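Work through the exercises below with the sequence and the structure in view. Each task is followed by its solution.

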Amino acid sequence: MTSWQSLHTRHPRSWHENKFVYPVLSRRSQGISIGVNLNPDKVCNFDCIYCQVDRRSEAETKFVETEQLLVEIDHMLSLVANGALFDDEPFRDVPADRRRLNDIAFSGDGEPTTYRNFDEIIAAVADLKQRHALSAVKMVLITNASMFHKPAVERGLAILDANNGEIWAKLEAGTDDYYQLVERTKIPFRRILDNITAAAKVRPLVIQSLFMRINGAAPSETEIDAFCERLSEIVAAGGQLKLVQVYTVARPPAESFVTSLTDAELEAIAAKVRALGIGAEVFGA
Ligand code: SF4
């Protein structure tokens with residue numbers, strides 16, 4: 001693996017002196033993604049067994065400093081635009097066709113929609129994107145969908161819609177038992193399904209589905225069939241699903257009993273999704 005290819009799997013959350021903003025060479029978009037970490041305290045309302053956030057060490061930064069975050073995004077947008085990002089190791093070897101800025105992605109070390117002033121920060125970043133005349137650059141929200149019913153989050157989603165936004169919502173179980181096994185949260189599965197359905201009625205969503213081996217066992221056929229039924233129910237209720245991204249663990253996860261599926265296993269899951277008439281893409285380990 002060359003140094004720029006290894007950037008796909010490293011995704012460090014810090015960049016020089018930055019506290020909240022970091023550049024990533026995104027495998028999924030084949031371009032540069034500017035990551036925004038709205039959860040520097042590493043607190044999340046899920047505790048996914050495959051999570052790649054290192055929670056063994058205490059967070060150095062506890063709170064988002066909005067002004068600082070916007071300064072960092074502003075600076076990063078300039079670094080990509082003027083090419084200075086690519087003077088820097090490890091971005092030096094990124095090929096020319098992957099140097100385009102694809103998106104600003106809200107993800108980070110927890111669930112971004114739990115950020116208290118979610119709508120305000122989304123509005124401020126959208127404004128910054130407009131000031132840089134980057135209307136073609138997407139704003140991607142990577143989310144577990146647990147907070148979509150909150151008014152500030154609903155407002156934030158609407159701002160994303162108006163600014164070339166895309167919502168990537170996590171759904172990786174078909175049954176309540178498997179959901180609890182994987183996500184380890186007090187938030188009911190029904191809440192996630194209802195939130196995804198309601199949001200997908202307003203705009204097409206991308207579904208992110210990480211499947212893995214747990215103690216050596218891949219998800220059962222029954223579980224995958226139930227997962228497909230949940231997707232069908234969302235569509236039957238009027239939800240629009242743009243794409244299902246089927247992927248697996250690519251970096252060391254929280255729990256050592258979690259390992260990756262093979263490309264063939266992921267393809268088999270994607271084929272079942274496609275049989276429903278929903279687009280699916282596979283991203284192997
Ligand atoms: S929702 Fe994301 S950040 Fe939270 S535990 Fe799961 S993988 Fe980690």
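**Exercise 1: a pocket**

The second largest pocket holds about 300 Å³ of space. The model is predicted: local features need pLDDT of at least 70 and side-chain atom pairs pLDDT 80 or more, while totals for chains, interfaces and linings use all residues. Residues are numbered from 1 along each chain as its sequence is written, and side-chain values use heavy atoms, without hydrogens and water.

Task: state which residues are the closest to the centre of the second largest pocket.

Solution. Of 14 lining residues, the closest to the centre are Leu38, Asp41, Thr114, Tyr115 and Arg116. On a 1 Å grid over the protein atoms alone, a pocket is an open set of points where a 1.4 Å probe fits, with protein on both sides within 12 Å along at least five of seven lines; lining residues have an atom within 4 Å of a point.

**Exercise 2: aromatic rings**

Task: classify the pair of phenylalanine 46 and tyrosine 179, then that of tyrosine 179 and phenylalanine 189.

Solution. Step one: rings of Phe, Tyr and Trp (its six-membered ring) pair if their centres lie within 6.5 Å; planes under 30 degrees apart are stacked, over 60 edge-to-face and the rest tilted. Step two: for phenylalanine 46 and tyrosine 179, the centres are 6.1 Å apart and the planes at 80 degrees, so this pair is edge-to-face. Step three: tyrosine 179 and phenylalanine 189 are stacked, with 4.7 Å between centres and 25 degrees between planes. Step four: Phe46, Tyr179 and Phe189 form one aromatic cluster.

**Exercise 3: burial**

Task: is tyrosine 179 buried or exposed?

Solution. Buried means under 20% relative accessible area, exposed over 50%, partly exposed in between (1.4 Å probe, protein chains only). Tyrosine 179 has 2% relative accessibility, so it is buried. Phenylalanine 189, at 6%, also counts as buried.

Methods:
Grid points are joined across faces, edges and corners, and a volume is the space filled by probe spheres set on the points.
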